[in-house]
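Please look at the sequence and the 3D structure below. The report after them describes selected parts.

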Amino acid sequence: MSWPLWALIALPLGSGTALAVLGRRADRAAPGTAVAAAAVTLGLACSAATTRPVAAAPLLEGLPVRLAADGLSGPVAVATAAVTLAVLVFSSRGNGPGEARARFSGLMLLFSGAMLTTVTAQTLPVLLMAWELMGATSWALIGYWWREPARVRAAGTAFLTTRAADLGLYVAAGAALAGGAAGGLDLDGLSGTTGPWLSVVTAGVIVAALGKSAQLPFSFWLSRAMEGPSPVSALLHSATMAAAGAYLLLRAGPLLTASGWGGPVTAWAGAATAVLLGLVAAAQTDLKQLLAASTCAQTGFMVLAAGTGGITGGTLQFIGHAAAKSLAFLVAGAWLTLLGTKALPGLRGAARRHRVAGVTFTVAALTLAGWPPLVLWGAKDLLLAAALKHGAALYAAGLAAAVVAAVYSVKALWFVWQPAPGPERDGGAPRDGGAARGGGGALPAPASWALGGLALACAALAVLAFDPARGTFARALSTAGEPTPHGWEVALSTALVLAASAVVLRRAARPLPLPPAVTAWWGDWMRLEALARLLVLRPVLRLAGALAAFDDRVLARAVRAAGHGALRAAGAVAVLDARGPDRATVSAARATLRLARATGRPDGRAGGREEWLDGLVRGVAAGAAALGRLARRPQTGQLHQYLAQAVAVFTVLALALVLVAVR
């Protein structure tokens with residue numbers, strides 16, 4: 001039965017489109033409608049994850065639409081739908097009275113529907129369509145406050161960066177067709193591409209996935225995406241676009257293995273991003289920027305798992321990170337709304353003042369740090385066990401990334417739980433402008449429910465990392481037999497994480513004495529955007545300028561010269577026509593007229609010119625008939641008569657020659 005699968009993607013896409021089209025007329029009903037649609041979508045996702053339906057429909061010749069909820073896509077679809085519901089419940093009362101609620105809710109549903117289509121797509125054409133829709137809706141959501149130019153520019157940067165990487169999927173599709181991996185371009189069949197085309201397909205998929213998931217060197221677009229509303233960040237960073245690339249790599253495991261080099265490259269790209277972007281997160285003084293950089297780093301663990309074949313750990317990392325990161329972003333958005341700041345020094349005391357937000361943010365941060373007994377603690381050990389199988393260096397890089405994750409997570413916790421320093425002046429705000437400066441009321445009930453549900457998920461999902469739930473989870477993913485961590489591995493990673501957390505808690509008030517240039521470099525995301533502008537944007541613009549100049553100075557001039565030449569040739573032809581054929585035509589016409597006048601002149605006899613012509617024609621005909629009769633007389637059929645005629649003719653000719661000669 002495939003209708004639940006069709007409904008799973010049709011409901012968010014259809015309801016989202018309706019809300020976006022209706023616009024301000026549906027503002028009042030939009031939050032409730034969006035929450036109801038998201039709740040039904042979650043039910044459909046749970047049903048699909050258990051029944052595993054398959055659906056198909058014709059699209060193009062040999063390229064049908066195929067969807068499926070298999071062992072990998074089922075849990076991911078549930079995570080996407082659950083986070084979408086939590087975010088929409090949280091934001092149902094967060095929009096101001098003047099906000100375009102219908103547009104916001106509609107775009108959020110479309111965004112979620114695009115991710116659900118990506119998750120369940122079984123063929124490359126369907127994945128490409130969902131990929132495009134996700135990019136378009138992310139641009140619209142990041143630039144939601146479109147009257148502010150900075151936000152529009154940020155949306156454009158994020159869109160163009162991911163679009164540049166998306167070209168890899170188109171290259172992969174073309175190479176797959178050229179390499180004989182037809183059959184509807186099944187994702188599972190890409191590994192069957194033959195010859196050098198296999199490497200092209202692998203490279204295209206890796207580039208597109210790294211760009212979508214903000215891995216190195218594309219990470220900077222996620223920093224600019226922070227200009228969007230906090231609920232957008234919560235959905236984008238946790239279970240949709242920023243995680244879509246990692247999901248694609250988890251699904252493309254057979255392709256990475258078949259290429260030979262795809263797995264190691266992917267694994268090291270993920271490990272490098274997890275370490276370096278983790279350090280970027282640790283250098284931030286803005287909570288949303290810290291969380292954004294940590295998204296790159298945490299997604300790096302999923303990419304590392306995809307490259308080493310640790311699908312169980314990577315999938316659990318995907319689900320657990322979705323819950324923790326959406327929770328952290330929603331709390332950051334709530335503090336921004338209530339306190340008017342997202343700077344870490346300004347958020348001192350925020351967790352003390354808003355206990356529900358503070359407690360749930362603590363759960364999210366400790367989950368990201370890898371503290372036991374939360375979900376990412378077990379997930380990291382699972383994927384690190386797969387990394388250890390591929391070498392100690394990769395395992396060490398993963399451990400280093402886990403330590404860095406503890407550093408930036410505990411750093412954020414230290415700030416929000418620290419009491420606001422300095423006495424209040426005259427009963428007003430503290431001197432440093434900490435969290436207590438702002439007023440801010442309590443969170444509305446729906447927001448608290450959403451935060452509580454996500455915090456509960458961060459703890460409850462941890463059971464999937466340990467037997468017997470781990471075995472059941474692995475069988476559902478069809479990944480039984482993957483490496484599992486030994487006791488010493490769990491003890492080592494846990495000890496390192498706890499030690500790093502303790503160091504941060506003791507030394508957070510005394511930052512490392514690093515040169516300002518170094519801290520600025522890390523704080524500015526290693527200046528990746530400036531590097532991209534220097535190495536990519538400027539050369540492309542210069543090339544475009546050179547091509548434009550060539551077009552203006554060479555091609556355009558050549559076209560203009562050709563046009564002038566054509567005009568001159570046309571003029572010459574016109575003159576020639578006027579002097580030659582035109583005059584001849586005029587002369588012929590005049591002669592015809594004269595002839596007509598001459599033939600039409602009265603001849604003095606009765607009957608006029610028609611009778612004169614008839615007589616002329618009859619005379620010619622009679623003469624011809626007489627000549628015919630004379631010509632027939634010599635034709636007697638008698639040979640001797642022909643001989644006599646010939647003698648006579650030759651005699652006449654001889655006499656003629658004699659006469660000519662005598663003269």
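This is a predicted model: local features need pLDDT of at least 70, side-chain atom pairs count only at pLDDT 80 or more; totals for chains, interfaces and linings use all residues.

Residues are numbered from 1 along each chain as its sequence is written, and side-chain values use heavy atoms, with hydrogens and water left out.

**Helix 10 and its partners**

Helices (H or I, at least four residues) and strands (E, at least two) are DSSP runs, numbered from the N terminus. Helix 10 covers residues 241-251. Eleven of its eleven residues are buried (under 20% relative accessible area, with a 1.4 Å probe and protein chains only), so helix 10 is largely enclosed by the rest of the structure. Among these buried residues are Met241, Gly245, Tyr247 and Arg251.

The table gives the axis values for two helix pairs. Axes are lines fitted to C-alpha atoms, for helices over the stretch in contact, and angles run from 0 to 180 degrees between N-to-C directions.

| Helix pair | Axes come within | Crossing angle |
|---|---|---|
| Helix 7 (residues 197-212) and helix 10 | 7 Å | roughly 150° |
| Helix 10 and helix 14 (residues 311-339) | 11 Å | roughly 160° |

Helix 7 and helix 10 are therefore roughly antiparallel to each other (an angle over 145 degrees). Contact means heavy atoms within 4.5 Å. On the helix 7 side, Val205, Ile206, Ala209, Leu210 and Lys212 take part, and they meet Met241, Ala242, Ala244, Gly245, Leu248 and Leu249 of helix 10. By class, this contact has nine nonpolar residues, one polar and one charged. Here Ala, Val, Leu, Ile, Met, Phe, Trp, Tyr, Cys and Pro count as nonpolar, Asp, Glu, Lys and Arg as charged, and the others, Gly among them, as polar.

The axes of helix 10 and helix 14 cross at roughly 160°, which makes helix 10 roughly antiparallel to helix 14. The crossing of helix 10 with helix 14 is left-handed. Ala243, Tyr247 and Leu250 of helix 10 make the contact with Ile311, Gly314, Thr315 and Phe318 of helix 14. Five of the residues in this contact are nonpolar, two are polar and none is charged.

**Helix 9**

In helix 9 (residues 230-238), nine of the nine residues are buried, so helix 9 is largely enclosed by the rest of the structure. The buried residues include Pro231, Leu235 and His237.

**Two single residues**

Is Thr162 buried or exposed? Thr162, in helix 6 (residues 149-178), is buried, with a relative accessible area of 1%. Leaving aside its neighbours within four places in sequence, Thr162 is in contact with Gly211, Trp221 and Met241.

Trp268 lies in helix 12 (residues 262-282). Beyond its neighbours within four places in sequence, Trp268 is in contact with Ala393, Leu394 and Ala397. Trp268 and Gly398 are 130 residues apart in sequence, and their C-alpha atoms are 9.7 Å apart in space.

**A hairpin**

Strand 1 (residues 54-60) and strand 2 (residues 63-68) pair in the antiparallel sense over five bridges; two strands pair if DSSP finds at least two bridges between them. Ala56 stands opposite Arg66 in strand 2. The hairpin has two residues between the strands, and Gly62 takes a positive phi near 80° there.

Key
Angles under 35 degrees count as roughly parallel, over 145 as roughly antiparallel, 65 to 115 as roughly perpendicular and the rest as oblique. A crossing is left-handed if the near helix is turned anticlockwise from the far one by less than a right angle, and right-handed if clockwise. Buried means under 20% relative accessible area, exposed over 50%, partly exposed in between (1.4 Å probe, protein chains only).
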